[in-house]
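Subject: Structure handover

Dear colleague,

Please find the structure below, followed by my notes on what was found in it. I would be glad if you read the two side by side.

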Amino acid sequence: MITFLKRIKAIFLRKGRPGGYREIMFIAYPLIIMSAGHTVMQFFDRKFLAANSTVDVAAALPAGILSFSMFCFFMVSANFTSALVAQAWGAKKSDDCVKCCWNGFYFGLGAAILITFVLPPLGEYFIMKANHSPELTVREVEYFNILMPGGAFICMAAPSFSFFSGRGLMLRIGIVNTATCALNILLNWIFIFGHWGSPAMGIFGAGLGTSISSMVAFLCALTMFMMEKQDLFKTRRIRLPDKKLLGTLISRGTPSGFQCLCDVGSFTVVTFLIGHLGQVPMAATTIALSVNALSFLPLLGTSEATSIVVGQYIGSEQLDISEAAAKRAWKLATCYMVICSSCYIFLPDLLIGWFSPDSTSKSFREVLEVGRFLLLCAAIFNFFDATKFIFMGALRGAGDTRAMMLISISCAWLLLAPGVWLLLQVFNADIKTIWIYITAFIAFESVVIYLRFRTGAWRKLRLIEKET
């Protein structure tokens, strides 16, 4: 054990190793802190809603994930700006860093208009067609509509944040996002329960607090970008659209966005299908996923850090270091998942009990019984998620987004959504069987993504052209 601890210490104290654990963690830790802030925010949102009403917490998952599916394509596409900035920074092209961000902002602004004025009626149509109970449907529509403006602000903020994340300057991003998450928790507490003179707005108040916090995050990100030292980065002068960079963002970023849309869209279908099983399976699924966010969201931070490190070393033509960095990031993520999954296995009642409005109620005892099994499934598929998202981040940093898009479309719409539909409609499966199938699906998809990384096709791709 002592030898093992010494080896771990040596790994993290080793200096000057390009693409090493220290470099990955230096970029990842603010992202992990930021993701932890989002995790805490979502946890308290669900806890407040569960305390307010079982129907509210049951409606939060399908409406929330439908809202996210409506803007995730634009958000991920705009956030691909970070990969462009990373390669431009690795190639030592500071003006291109600024150009990438402005063109990303123009893309995000157009997306915000669509998200605010065009997509909400489509989302309401999907909710109405889900045939949930009238009480659940009303809450879902209410929550969905108030969340959509927040999605617009997220898309506009992504390019400004990418200006810093692409260069590995993560701390200020972590501070802004953590502060706005804290603001979200406070606003939700005020709006849901009616504190400090506010009327009690229930699930509508939860969505309102989230949208206001997203607006504050956008204003902070844009202000930081515009206030950069102009002798280093001409953020207030280089503002004209660049057809080549905008074209690269669209051609390489939109496949990444479409991949996310396929993933989230298929999972949206799954959650609405689970809604047909009743409020107890839906509430147990919502709580299990909220608990799992404790591990999942920080994993996304590590994935983003992997994308940045890989992109920077590709920009400087050090491909072997890029590959080694991706593998080291995977080892870090796997170690983290061991800790989280152990908590799911040994402390399920404690974790689920945090969401209990009344632990003696019969309905919550049923939720607790189902939730124990769902957390066991989460403990298993977390290891496969580590593989999936780390190597997906590496491929994204290299610009291999089209292959990722094809893999996601095939897996999500040929396996996940149809499989769950068949299990429910043909075989009358229960919630436990559905989660076993989801676990097997995640394992399969992670293997496919890893094999794509192993092919090495990403080594031939470049987002920023070399100077001749």
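Asp-400 counts as buried because its relative accessibility is 5%, where buried means under 20% relative accessible area, exposed over 50% and partly exposed in between, with a 1.4 Å probe and protein chains only. Its partner in a salt bridge is Arg-452, with the closest N and O atoms 2.9 Å apart; the term stands for a side-chain nitrogen of Lys or Arg within 4 Å of a carboxyl oxygen of Asp or Glu. Since Asp-400 lies in the loop between helix 14 and helix 15 and Arg-452 in helix 16, the pair ties together parts that are 52 residues apart in sequence. Arg-452 itself is partly exposed, with a relative accessible area of 25%.

Residues are numbered from 1 along each chain as its sequence is written, and side-chain values use heavy atoms, with hydrogens and water left out.

The mean pLDDT of the protein chain is 82, and 89% of its residues reach 70 or more. Confidence is lowest in helix 1 (residues 2–13), at a mean of 50, and highest in helix 16 (residues 431–455), at 93. Where pLDDT is low, the predicted coordinates should not be read in detail.

The secondary structure comes to 16 helices and zero strands, these being DSSP runs numbered from the N terminus (H or I of at least four residues for helices, E of at least two for strands). Buried residues make up 57% of the 468 residues in the chain.

To return to the salt bridges, a search of the whole structure finds nine of them. Glu-445 and Lys-388 meet through their side chains at 2.9 Å, N to O, and because Glu-445 lies in helix 16 and Lys-388 in helix 14, the pair ties together parts that are 57 residues apart in sequence. Both of these residues are buried. Glu-323 and Lys-327 also form a salt bridge, at 3.4 Å, N to O; being four residues apart in helix 12, they are separated by about one helical turn.

Leaving aside neighbours within four places in sequence, Phe-163 is in contact (heavy atoms within 4.5 Å) with residues including Val-85, Cys-97, Phe-225 and Phe-233.

Ser-341, found in helix 12, is buried, with a relative accessible area of 2%. Apart from its neighbours within four places in sequence, Ser-341 is in contact with Ala-379, Asn-382 and Phe-383.

Trp-196, in the loop between helix 8 (171–193) and helix 9 (202–226), has a phi near 55 degrees, and Asn-428, in the loop between helix 15 (401–425) and helix 16, has a phi near 50 degrees. Most residues other than glycine have a negative phi. Trp-196 is exposed, with a relative accessible area of 66%, and Asn-428 is exposed, at 63%.

With best wishes

Conventions. This is a predicted model: local features need pLDDT of at least 70, side-chain atom pairs count only at pLDDT 80 or more; totals for chains, interfaces and linings use all residues. pLDDT is the predictor's confidence in each residue, from 0 to 100.
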